[in-house]
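Here's a quick briefing for anyone opening this structure for the first time. Have a look at the sequence and the model, then read on.

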Amino acid sequence: LVMRLIEATFPNYSEVIPKDAKNKLTIEIAPVLSALRRAMLLSDEQSRAVKLEIDANTLKISASNTNQDQAHEELDVTYVGEPLSVRFNAKYLVDALSVLDAKEAEISLKTGSDPAKLRPTDDSDALSVIMPMRV
């Protein structure tokens, strides 16, 4: 084992963690993961973009590609906040949700263009930050 100490300043990661997100989405992880994986099959191969539309306790997941293929799925969720539309790279969202050892997760969003905070509802120590895509 070889190690080398690098003298550098590590960036302040806490600056990218959303602090005052007023929109809170509570999801059941398993059905959302399944829907994301299905949508990812029809998403653009390069960007893997999926669109999440959140409104009145409904999560709509959609994706499309250059061949005009489309995927749309609607799930019941618990949501507190304004109607919101946000795009994510589905692979990053699936990766973050897949490692959670919980039944439910909470996604906190400020707007559709700000980072989203993802954490399991039963573990306050676990935290993921997912950056939205700007399309």
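This is a predicted model: local features need pLDDT of at least 70, side-chain atom pairs count only at pLDDT 80 or more; totals for chains, interfaces and linings use all residues.

Residues are numbered from 1 along each chain as its sequence is written, and side-chain values use heavy atoms, with hydrogens and water left out.

**Confidence**

- The chain has a mean pLDDT of 91, where pLDDT is the predictor's confidence in each residue, from 0 to 100.
- A value of 70 or more is reached by 99% of the residues.
- Confidence is highest in E1, at a mean of 96, and lowest in E9, at 93.

**The five-stranded sheet**

- Five strands make an open sheet in the order E5-E1-E7-E8-E9, and the pairing is antiparallel.
- Helices (H or I, at least four residues) and strands (E, at least two) are DSSP runs, numbered from the N terminus, and two strands pair if DSSP finds at least two bridges between them.
- At the edges you'll find E5 (78-80) and E9 (128-130); each has a single partner strand, so one side of each is left without a neighbour in the sheet.
- From one strand to the next, the twist averages 20°; axes are lines fitted to C-alpha atoms, for helices over the stretch in contact, and angles run from 0 to 180 degrees between N-to-C directions.
- Strand E1 (residues 23-28) pairs with E5 in the antiparallel sense, over three bridges.
- Thr26 has Thr78 in E5 as its bridge partner.

**The four-stranded sheet**

- Another open sheet holds four strands in the order E4-E3-E2-E6, with antiparallel pairing.
- Its edges are E4 (70-76) and E6, each with a single partner strand, so one side of each has no neighbour in the sheet.
- On average, neighbouring strands here are turned by 20° against each other, direction ignored.
- E2 (residues 49-55) and E6 (residues 84-89) pair over six bridges, and Glu53 has Ser85 in E6 as its bridge partner.
- E2 also pairs with E3 (residues 58-64), over five bridges, with Leu52 opposite Ile61 in E3.
- E3 and E4 pair over seven bridges, and the bridge partner of Ser62 in E4 is His72.

**The helices**

- Which strands does helix H1 lie across, and at what angle to E4 does H1 run? H1 lies across E2, E3 and E4, at about 170° to E4; contact here means heavy atoms within 4.5 Å.
- H1 (residues 29-41) also lies across E1 and E7 (104-109), running at about 90° to E1.
- H2 (residues 90-98) lies across E1, E7, E8 (116-120) and E9, and runs at about 170° to E9.

**The core**

- The largest nonpolar core has 35 residues; such a core is a set of buried Ala, Val, Leu, Ile, Met, Phe, Trp, Tyr and Cys residues joined through side-chain atoms within 4.5 Å.
- H1 gives the largest share of this core, seven residues.
- Those with the most contacts inside the core are Ile27, Leu36, Leu52, Leu59, Ile61, Phe88 and Leu97.
- Leaving aside residues up to four places away in sequence, Leu36 touches Val50, Leu52, Ile61, Leu93, Val94 and Leu97.

**A buried asparagine**

- Asn23 sits in strand E1 and counts as buried because its relative accessibility is 2%; buried means under 20% relative accessible area, exposed over 50%, and partly exposed in between (1.4 Å probe, protein chains only).
- The side chains of Asn23 and Tyr79 make a polar contact (3.5 Å); a polar contact is a pair of N or O atoms within 3.5 Å, where, within protein, one must be able to donate a hydrogen and the other to accept it, and residues adjacent in sequence count only if both atoms are side-chain atoms.
- A polar atom of the Asn23 side chain lies 2.9 Å from the backbone nitrogen of Glu82.

**Two loop residues with positive phi**

- E2 and E3 form a hairpin with two residues between them, and Ala56 in the turn has a positive phi of about 45°.
- Ala56 counts as exposed, at 61% relative accessibility.
- Gln68 is in the loop between E3 and E4, with a positive phi near 70° in a residue other than glycine.
- With a relative accessible area of 64%, Gln68 is exposed.
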